[in-house]
Amino acid sequence: MLTQTTTRVLEPGDLDAALEILEREPVHNAFVTSRVQAAGLDPWRLGGEMWGWYEGGKLRSLCYAGANLVPICAGPEAVRAFADRARRAGRRCSSIVGPAESTALLWKLLEPGWGPAREVRGHQPLMVTDRMPGDITPDPYVRRIRKDEMDVIMPACVAMFTEEVGVSPLAGDGGLLYQARVAELVGAGRAFARIEDGKVVFKAEIGAATPTACQIQGVWVDPAYRGRGLSITGMAAVLRYALADVAPVVSLYVNDYNAPARAAYRRVGFQEVGAFMSVLF
């Protein structure tokens, strides 16, 4: 019997109820929604547990607990319940990420036991667009990466990840999991790049994709080519693919201190609609 408020690990039979929660905020929840739509709620396939918070016997909020800890549609009471469960389970994630308000409270409650974090990025603007810019010509040389080009794209992916996160994705398992994720995106036709003389000079991926919204990630320009506007025309090219082939709404989130990137995204037509927060361990 469910109590007035309680949390539990969701099971495959809870899929419809979980999707109903996720679809309340399709842009904010694109990452987790894409995983759940592909894998369901079985922890082995999902890569983690989905916790549900119930009030009055009805599912109200979720928290994905895998490589990332992600609060979903979670108010203060739900966040406190998820924090209690996370403390009991112990830290198994490499980051906490989600909407800034709920993630900030979650981290405040977990920091005494889980801290210190390697880095806290408290305000990462969430940006969205649903149309192509009328005054920018997409880079005609940005194209989908082929499966036989993994050796070309991987050095750029590693460089981007290391620059963005502060640690190499090759640490630990030698990069096997990271390479598998890149290969998954390449195989799905969601990895894009401009390649000159066998070298990637611009790249980006559509990391999360649902029928409602998708999320661009991993935007990177070779340092030797920065300042030439490649990020603007390159993003316009990726945006064209995303809107035509993936979803009617395209989003991304960016570090607030990355002024050049924010300016480039605004130039392509992205507008800020909220904020994420990331805690990196």
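These are my notebook entries on what I looked up in this predicted model.

**Ground rules**

I number residues from 1 along each chain as its sequence is written, and my side-chain values use heavy atoms, with hydrogens and water left out. Since this is a predicted model, local features need pLDDT of at least 70 and side-chain atom pairs count only at pLDDT 80 or more, while totals for chains, interfaces and linings use all residues.

**The sheet**

I began with the strands. Helices (H or I, at least four residues) and strands (E, at least two) are DSSP runs, numbered from the N terminus. Two strands pair if DSSP finds at least two bridges between them.

I found an open sheet of 12 strands with mixed pairing, in the order 1-2-3-4-5-12-6-11-10-9-8-7. Its edge strands are strand 1 (5-9) and strand 7 (143-144), each of which pairs on one side only.

I then looked up helix 6 (residues 150-165), which packs on the sheet and touches strand 6 (119-129), strand 8 (191-196), strand 9 (199-209), strand 10 (214-221) and strand 12. Contact here means heavy atoms within 4.5 Å. The direction of helix 6 makes about 70° with that of strand 9; axes are lines fitted to C-alpha atoms, for helices over the stretch in contact, and angles run from 0 to 180 degrees between N-to-C directions.

**Strands 1, 2 and 3**

Strand 1 pairs with strand 2 in the antiparallel sense over 5 bridges, and V9 stands opposite W51 of strand 2. On to strand 3: 7 bridges join it to strand 2, again antiparallel, with A65 in strand 3 as the bridge partner of E49. These two strands form a hairpin with 2 residues between them, and G56 in the turn has a positive phi of about 60°.

I also checked burial (buried is under 20% relative accessible area, exposed over 50%, partly exposed in between, with a 1.4 Å probe and protein chains only). Strand 2 is largely enclosed by the rest of the structure, because 5 of its 7 residues are buried.

In the loop between helix 1 and helix 2 I found N29, buried at a relative accessible area of 3%. Beyond neighbours within four places in sequence, N29 is in contact with I21, L22, I72 and C73.

Helix 2 (residues 30-39) has A30, V32, T33, S34, V36 and A39 as its buried residues. They pack against several elements, including helix 1 (15-22), helix 3 (43-46) and strand 9. G40 follows helix 2 and has a positive phi, near 75°.

Strand 5 (residues 95-99) runs antiparallel to strand 12 (residues 271-280), joined by 5 bridges; P99 has F276 in strand 12 as its bridge partner.

Where is V279, and what does it touch? V279 lies in strand 12 and, neighbours within four places aside, is in contact with S94, S95, I96, W107, A117, E119 and V120. V279 is buried, with a relative accessible area of 0%.

Strand 6 and strand 11 (residues 250-253) pair antiparallel over 4 bridges, with L126 opposite Y253 in strand 11. Strand 10, by contrast, runs parallel to strand 11 and is joined to it by 2 bridges; the bridge partner of C214 in strand 11 is V250. The chain goes from strand 10 through helix 8 (residues 230-245) to strand 11, a right-handed β-α-β crossover. Right-handed means that, with the strands pointing away from the viewer, the path from the first strand over the helix to the second runs clockwise.

**Rings and charges**

How many aromatic pairs does the structure hold? I counted 6. Rings of Phe, Tyr and Trp (its six-membered ring) pair if their centres lie within 6.5 Å; planes under 30 degrees apart are stacked, over 60 edge-to-face and the rest tilted.

Y265 and F270 have ring centres 6.3 Å apart and planes at 65°, so this pair is edge-to-face. Y265 is buried at 8% relative accessibility, and F270 is buried at 2%. W107, W114 and F281 form one aromatic cluster.

The charged end of R91 sits over the ring of F281, 4.2 Å from its centre, and R85 lies over the face of W51, at 5.7 Å from the ring centre. The criterion is NZ of Lys or CZ of Arg within 6 Å of the ring centre and within 35 degrees of the ring normal.
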